[in-house]
Amino acid sequence: MRKSANPNYSDYLLRDDGYYQIAYNFAQGNFNSGSVIGPGLPLIMAPIHFFPVSWHPFIRFIISEIFVFCILLCQSELTKNHLTDKEYFLGSLFVIIHPTFLHWTFRTSVDLYLGAMLGGFILFFLKYFHTGKIHHLLFASCLFILSIFTRPSFILIPLVLLITAITIVNLRALLKPSILK
């Protein structure tokens, strides 16, 4: 005989790799997580614990949706000179309905938050590169530092981006004479 499934949305939305409990400890002033998890995501999630417990799943979902909005905003700013509105809309739609992205949105997964931070880091670094305004570099640096605290391996991202940019520039330089002949 099959048991009837009684889905518990609270458990589903708050079940994670310990971030919820560590965020609770942070909200209580205990910054020793006792694990190898970086403090970035628990700090982002700590405000949940200033609300009644019954609100926690919804507040967590709202925080995730804010980060989804940040990802789409960064995507829009980074591609506005390269895509038409229709292309941007379709591309964003494909991102939003992708099963992995949906999973990140409904579950406490560090990937959603790192995606927003990476988009913001690239956006503000490029703005600094084009305008030379120091506040863009400071904001990019703050996002980079928060990203490292969220996932320490994020420290490798600028190195990978630099190598990719150099490779693309060199590849274009090599291909340009061939194409012009």
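Predicted model: local features only at pLDDT ≥ 70, side-chain atom pairs only at ≥ 80, totals over all residues.
Residues are numbered from 1 along each chain as its sequence is written, and side-chain values use heavy atoms, with hydrogens and water left out.

**Figure 1. The protein chain has nine helices and zero strands.** Helices (H or I, at least four residues) and strands (E, at least two) are DSSP runs, numbered from the N terminus. Of the 181 residues, 29% are buried, where buried means under 20% relative accessible area with a 1.4 Å probe, protein chains only. The accessible surface (Shrake-Rupley method, 1.4 Å probe) is about 12300 Å², and 70% of this surface belongs to carbon and sulfur atoms.

**Figure 2. The largest nonpolar core contains 23 residues.** Such a core is a set of buried Ala, Val, Leu, Ile, Met, Phe, Trp, Tyr and Cys residues joined through side-chain atoms within 4.5 Å. The residues with the most contacts inside the core are L41, I44, M45, I63, F67, L112 and Y113. Two or more core residues come from each of α3 (40–45), α4 (56–79), α7 (110–131) and α8 (134–150). The largest share, seven residues, belongs to α7. In soluble globular proteins, nonpolar side chains tend to be buried together.

**Figure 3. The surroundings of Y113.** Contact means heavy atoms within 4.5 Å. With neighbours within four places in sequence set aside, Y113 is in contact with L41, I44, M45, R60, I63, S64 and F67.

**Figure 4. The largest pocket has a volume of about 490 Å³.** On a 1 Å grid over the protein atoms alone, a pocket is an open set of points where a 1.4 Å probe fits, with protein on both sides within 12 Å along at least five of seven lines; lining residues have an atom within 4 Å of a point. Of the 12 lining residues, I122, L126, L161, L162 and A165 are the closest to the centre. The helix α9 gives the most to this lining, with eight residues. By class, the lining has 10 nonpolar, one polar and one charged residues.

**Figure 5. The second largest pocket holds about 250 Å³ of space.** Its lining comprises 15 residues, of which I71, L114, G115, L118 and G119 lie nearest the centre. Two or more lining residues come from each of α4, α6 (99–106) and α7.

Conventions
Buried < 20%, exposed > 50% of the residue type's maximum accessible area, 1.4 Å probe, protein only. Points joined across faces, edges and corners; volume = space filled by probe spheres on them. Nonpolar A, V, L, I, M, F, W, Y, C, P; charged D, E, K, R; others polar.
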